[in-house]
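Keep the structure open while reading.

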There are 2 protein chains.
Amino acid sequence: MFRHVVLFTWADDATDEQRAAVATELGRLPGIIPEIRSYTLGTDAGVNPGNYEFALVADFDSADDYLVYRDHPAHQAVIAQYVKPILASRSAAQYSY
Amino acid sequence: MFRHVVLFTWADDATDEQRAAVATELGRLPGIIPEIRSYTLGTDAGVNPGNYEFALVADFDSADDYLVYRDHPAHQAVIAQYVKPILASRSAAQYSY
């Protein structure tokens, strides 16, 4: 499998509705992009200080399938409309396992 | 499930042997810590610029089981002996899904 991991923190002035909308809108993507094999996301549980606020882990059969997801118009639309307006920082990596 | 996600970047002077040892030593932990349900890790595939260099995703039945892993002496030993000596930056989050 090819795994995509991304972590976000949000701007201080991001509203609860804006934060929730990211999860809702990203969560629609597995129904739109068939290359997605597994897709989990969530708000940080608050167990450790200094964490990022939101995490997403997505699995694909191959790097090429990940690229289909990365560049898919529906994904790009969620990034532009819901993620970027409240994004403070982003960390990511992809790896095969 | 309770998912732990962590990303690392390494110091510029970290050797290939040191970087490889992190994966090897972390990879032993599922055989030592029975609370681990799933454990995948890998070096960034190089698909995107600006990524972190190493990622790890671990699943547990509960937040309490994650804490057993987090605080386990075998895990702490790997952090102290293999991760921290070459660590440049770390990002993490935990979430339920």
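In this predicted model, Phe2(B) sits opposite Phe60(B), a residue of S3(B). The two strands involved are S1 (residues 2-10) and S3 (residues 54-60) of chain B. They run antiparallel, and seven bridges join them. Strands of a sheet pair through backbone hydrogen bonds, either parallel or antiparallel.

Now widen the view to the sheet. Four strands of chain B form an open sheet in the order S2-S3-S1-S4. The pairing is antiparallel. Which strands stand at the edges? They are S2 (38-43) and S4 (87-96) of chain B. Each has a single partner strand, so one side of each lacks a neighbour in the sheet. On average, neighbouring strands of this sheet are turned by 10 degrees against each other, with direction ignored.

A helix joins the picture. H1 (residues 16-27) of chain B packs on the sheet. Helix H1 touches S1, S2 and S3 of chain B. The direction of H1 makes about 175 degrees with that of S2(B).

Next, bring in the other copy. How is chain A related to chain B? A rotation of 180 degrees superposes chain A on chain B, with 0.0 Å of shift along the axis and an RMSD of 0.0 Å. This is the relation of a two-fold axis. Within chain A, Ser91(A) has the C-alpha nearest the axis, at 3.6 Å from it.

The interface remains. Of the interface residues of chain A, 100% are also interface residues in chain B. The copies therefore meet through the same surface.

Definitions and conventions. Residues are numbered from 1 along each chain as its sequence is written. Chains are lettered from A and ligands numbered from 1 in the order in which they are written. This is a predicted model: local features need pLDDT of at least 70, side-chain atom pairs count only at pLDDT 80 or more; totals for chains, interfaces and linings use all residues. Side-chain values use heavy atoms; hydrogens and water are left out. Two strands pair if DSSP finds at least two bridges between them. Axes are lines fitted to C-alpha atoms, for helices over the stretch in contact, and angles run from 0 to 180 degrees between N-to-C directions. Contact means heavy atoms within 4.5 Å. Copies are superposed by least squares on the C-alpha atoms of residues with pLDDT of at least 70 in both.
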